[in-house]
Amino acid sequence: MSVRAYKVLEMRLDRAPSFNCWHDEKLMEFFDGEGIWDGRNSEGSGTMEVSVAVMRKALANAQRLELDEFDCEAIKADLAWARKKGQDYIRYECF
């Protein structure tokens, strides 16, 4: 058996970020404790996938995680998008 690599033909990003992988330290620590899929490199760039359940939990703990109003509104929009698309996780590209 083997695992084959395929080139990515298209990736579309949302026009605004949802959170900051460097500055939202408590959120990123929370994600680490929740066992998300994190494919970022040592500089913090790359892809990560967060389940809808974990994002809801983060939103419920917004004050403790020091999420500002912008972060909360962006996460709510991400959750609405996931619900509309029938997704159980949200993929983020960090750069």
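I count two rings of Phe, Tyr or Trp as a pair if their centres lie within 6.5 Å. The model I am reading is predicted.

**Entry 1: aromatic rings**

I searched the whole structure and found three aromatic pairs. I began with phenylalanine 19 and phenylalanine 31. Their centres are 5.7 Å apart and their planes stand at 65°, which makes the pair edge-to-face. I then looked up where the two residues sit. Phenylalanine 19 is in the segment before H1, and phenylalanine 31 is in helix H1. Twelve residues separate them, and the pair links distant parts of the chain.

Buried or exposed: which is phenylalanine 19? I find phenylalanine 19 buried, because its relative accessible area is 10% and the cut-off for buried is under 20%. Phenylalanine 31 is buried too, with a relative accessible area of 0%.

Next I checked phenylalanine 30 against phenylalanine 31. The ring centres lie 6.1 Å apart and the planes meet at 50°, so I log the pair as tilted. Phenylalanine 30 has a relative accessible area of 9% and is therefore buried.

Which residues form the aromatic cluster? I list Phe19, Phe30, Phe31 and Tyr92, which form one cluster.

**Entry 2: the sheet**

I traced the strands next. Three of them form an open sheet, in the order E1-E2-E3, with antiparallel pairing. E1 and E3 are the edge strands, and each pairs on one side only. Neighbouring strands in this sheet are turned by 15° against each other on average, with direction ignored.

I took E1 and E2 first. Strand E1 covers residues 37–40 and strand E2 covers residues 46–51. They run antiparallel and are joined by four bridges. Tryptophan 37 has glutamate 49 in E2 as its bridge partner. Glycine 39 is partnered by threonine 47 in E2. Arginine 40 stands opposite glycine 46 in E2.

How many residues lie between E1 and E2 in the hairpin? I read five residues between the two strands. Glycine 44 is in the turn and has a positive phi of about 90°.

Then I moved to the other side of E2. Strand E3 covers residues 89–94 and pairs with E2 over six bridges, again in the antiparallel sense.

**Entry 3: the surface**

Which residues make the nonpolar surface patch? I find Val8, Met11, Leu13 and Phe95, and the patch is about 500 Å². Leucine 13 lies in the segment before helix H1, which spans 25–34. Its relative accessibility is 48%, so I class leucine 13 as partly exposed. The class exposed needs over 50%.

Key
Residues are numbered from 1 along each chain as its sequence is written. This is a predicted model: local features need pLDDT of at least 70, side-chain atom pairs count only at pLDDT 80 or more; totals for chains, interfaces and linings use all residues. Side-chain values use heavy atoms; hydrogens and water are left out. Two strands pair if DSSP finds at least two bridges between them. Patches are made of residues with over 30% relative accessible area and no salt bridge: like charges are joined within 9 Å, nonpolar side chains (Val, Leu, Ile, Met, Phe, Trp, Tyr) within 5 Å. Accessible areas come from the Shrake-Rupley method with a 1.4 Å probe; for residues, only the protein chains shown count as cover. A salt bridge is a side-chain nitrogen of Lys or Arg within 4 Å of a carboxyl oxygen of Asp or Glu. Buried means under 20% relative accessible area, exposed over 50%, partly exposed in between (1.4 Å probe, protein chains only). Rings of Phe, Tyr and Trp (its six-membered ring) pair if their centres lie within 6.5 Å; planes under 30 degrees apart count as stacked, over 60 as edge-to-face and the rest as tilted. Axes are lines fitted to C-alpha atoms, for helices over the stretch in contact, and angles run from 0 to 180 degrees between N-to-C directions.
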